[in-house]
Amino acid sequence: MPYDVTLVDANAPESEPALSTFPRTVTAGGFTAGYWFWELAEFPAVLADRFAHFDEIWAPSRFCHDAFVRSSPVPVRWVPPHVPERQAVVAERARFGLERDRFYFFTAFDGQSVPERKNPAGAIKALAAVCKYTDRRLGLFVKTQRSYLQSRYSAELRDAAAGLPVVFYDGTASRAEVDRMIACSDAILSLHRSEGLGLLPIEGLRQGKPVVATAYGGTTDYLDDVSGFPVDFALEKVGPGHEPYPQDAVWANPDIEHAASQMLRVVANDDEVRRRTATGRAKITQLYGLDAAAAR
């Protein structure tokens, strides 16, 4: 007996392998939806045949929705996910080698993905720029995992960070450990080139941390001049060597000087910073809270 509804939570490239594990009777005659994440404004033509397996596609952000709907022969629905609220944790800076009296921005990337998309190099450039304009003790906390898969890029990052107050933490961490890292930090910095959703900024706002992020991609669902500190950008071609992203597609190149300016505003920690952060936190609850997600 088939299920009335089957939700396949696997991205477009993995949808066929995922469906192949099901007996045909699971989806025969029922309604099948695919929940896809994608990070660029253009959906690859080579994946267009994946739509044929589904009656509907769910998109986690408006950015993803717009990318899918241009190619999809089936309906596409905007369905933001539930992002669980984490339990409060104790901020233990010494645990990660962070100084007690320094203001830290937090960023992260995974070597198994495309680190250039997360753009930690841009975060290091922004820190170098902002340090020229203030005597405040600032720093950047960079969480990485599987950096050995991108050894040359990782070495270039460390070279770029030489002489700057940058702390690297490399390795797979538990969910609770990542929560501690966010708690230890003063703000979130995401100078991404594109995001399908932008989980780290969401989790940062959930913990009451101000967010500086590129004003492009999935983060625009919840981050603007009222709820955070968006960074200007210019679009440019992805270029070769960033598979699975097509080299002729585009992504954002964040404005480093504007990022530095927004970081300085956050460091001020004045009423406006607190107001925007509180607004962002409320927006995150409205969009990604359990009740909102259940209603969708």
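The model is predicted, so local features need pLDDT of at least 70 and side-chain atom pairs count only at pLDDT 80 or more, while totals for chains, interfaces and linings use all residues. Residues are numbered from 1 along each chain as its sequence is written, and side-chain values use heavy atoms, with hydrogens and water left out.

Let's start with charge pairs. A search of the whole structure finds 23 salt bridges, each meaning a side-chain nitrogen of Lys or Arg within 4 Å of a carboxyl oxygen of Asp or Glu. In one of them, R62 meets D221 at 3.6 Å, N to O. R62 sits in helix α3 (residues 62–69) and D221 in the loop between β9 and β10, so the pair ties together parts 159 residues apart in sequence. Helices here are DSSP runs of H or I, at least four residues, and strands are runs of E, at least two.

How accessible is D221, buried or exposed? D221 is buried, at 9% relative accessible area, whereas R62 is partly exposed at 41%. Buried means under 20%, exposed over 50%, and partly exposed in between, with a 1.4 Å probe and protein chains only.

Next, R86 and D179 form a salt bridge at 3.0 Å, N to O. D179 is buried at 3%, and R86 is partly exposed at 37%.

Finally, helix α5 (residues 120–131) has 12 residues and reaches 17 Å from first C-alpha to last, close to the expected 16 Å; that expectation is 1.5 Å times one less than the number of residues. Its buried residues include I124, L127 and V130. Thanks, everyone!
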